[in-house]
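This briefing concerns a protein model and its ligand. Please view the sequence and the structure before reading the points that follow.

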Amino acid sequence: MVLPPLYAAAEELYKAAAWREAIGIYQQIVAAAPREIRAWALMGLSATQAGDLDLAIHAFQRAVGLEPTAVNVHFRLGIALYQRGLMLEAEAAFRRTTELDPGHRDAQQNLAAVLIDQGRHAEAGPLFDAIVAQHHDSEMAWLGLANVHRVLSNAPAMLDCLMRAAVLNPANVATQHLLAAARGQTPQHPDWQYVEDFFDGYASRFEAHLVDHLAYSAPDILTQIVKEHYPNPTQFPRVLDLGCGTGLWGAAVRAVYPGDVLVGVDLSQKMVNAAQARGLYSTVAKAEAEEYLRKGHQTFDLIGATDVFIYVGDVAAIFELVAMRLAPGGVFAFTVEPTTDADKGYVLRTTGRYAHTPQYLTRLAARNTLRVVAQKTAPLRKSGASAEDGLYIVLAK
Ligand SMILES: C[S@@+](CC[C@H](N)C(=O)[O-])C[C@H]1O[C@@H](n2cnc3c(N)ncnc32)[C@H](O)[C@@H]1O
């Protein structure tokens, strides 16, 4: 087999974003020459681009198995593992990269970020400190350090780090969002681009991180609360899942209430793809929840939003539209992070998430003639060593 033309062809396909076809060529190469490190490494890159993280991890592992000192392959392996939500393995790959190349800034930053994702802020802090001491222009490290100071309740230092990140990249909507929160501002809604980018970047590790690591169980808990009040499995044939994410609530609901229609709506295309891949939804629309509700006419028997209003803020319009889209007797079930301290009824926290007061929500329910069926406090997800409680609310039309 003559390799250079094959590599050249694969490279062209890679440049044209034809990742799958490029992978096909690298597979041909390694089938004939299994010790061809370059083909394994390039297959890993193409598979990362294609979103096939399991193949990427396999290919990079084969490459570093053949050449254990290949610094950048260890780094790329770390990225694929991180995106896949395999945090301990990603941490090991980034550590190996920095052992081989102590000046590898991207590996240092990602190592610190992966520690933060594991709730190990105290270990991440000194790493970010060391990066910014050497590289004042590292936006990612300033943002990471802001996160560390938030957890340590060091508000002035958090604000300072965010301001430095904002100077480096004023167009970063995530930084602007966190900066508003750090300054005690509560915009009516976040910049939707922030939410979209955040969840596009989070989708591939969403379940591994949130469910496995943070013990997220809101979809099941909310469904159980609904079931306590509505035990009849034929009660909700038409269901709408606002901010469906990867489809965890849709799956929980369908296990209790098999029905004909399950519609998902989400701002993030990558979340929409993940929900579609579950094969449970009749349709999944890429749309902002309020926009979606405003434009359509279809009615539903159950409308849910688990862990979504924390990214919405003002939910007055959503309540009004949900009330219009519910069939008579229909049910609206959702979770929020509760607070007692919010002038407007909702407040943007320094985590970047909104919290809502129960009074605000019950006032909106009353205004839209929705009756409170259940209002319960139960765990939402882990926050550090403790559980973060959520408020679970069920309303009926
Ligand atoms: C924390 S995830 C929860 C996903 C899912 N409901 C669950 O419980 O697993 C929040 C989801 O809401 C989506 N989202 C946030 N704000 C939204 C909005 N205004 N319209 C549509 N989707 C939104 C995000 O893109 C993300 O997928």
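The model is predicted, so local features need pLDDT of at least 70 and side-chain atom pairs count only at pLDDT 80 or more, while totals for chains, interfaces and linings use all residues. Residues are numbered from 1 along each chain as its sequence is written, and side-chain values use heavy atoms, with hydrogens and water left out.

**The ligand**

- Polar contacts are pairs of N or O atoms within 3.5 Å.
- One nitrogen–side-chain distance, from the ligand to an N or O atom of Glu288, is 2.6 Å.
- A ligand nitrogen atom also lies 2.8 Å from a backbone N or O atom of Ala289.
- For Thr306, an N or O atom in the side chain is 2.8 Å from an oxygen atom of the ligand.

**An aromatic pair**

- Rings of Phe, Tyr and Trp (its six-membered ring) pair if their centres lie within 6.5 Å; planes under 30 degrees apart count as stacked, over 60 as edge-to-face and the rest as tilted.
- The count by this rule is 20 aromatic pairs.
- Phe199 and Tyr311 make an edge-to-face pair, with 5.0 Å between centres and 90 degrees between planes.
- Phe199 belongs to helix α12, whereas Tyr311 lies in the loop between β4 (300–305) and α18 (316–325), 112 residues apart; a strand such as β4 is a DSSP run of E with at least two residues.

Definitions and conventions:
Polar contact = N/O pair within 3.5 Å; in protein donor to acceptor, adjacent residues only side chain to side chain. Helix = DSSP H or I, 4+ residues; strand = E, 2+ residues; numbered from the N terminus.
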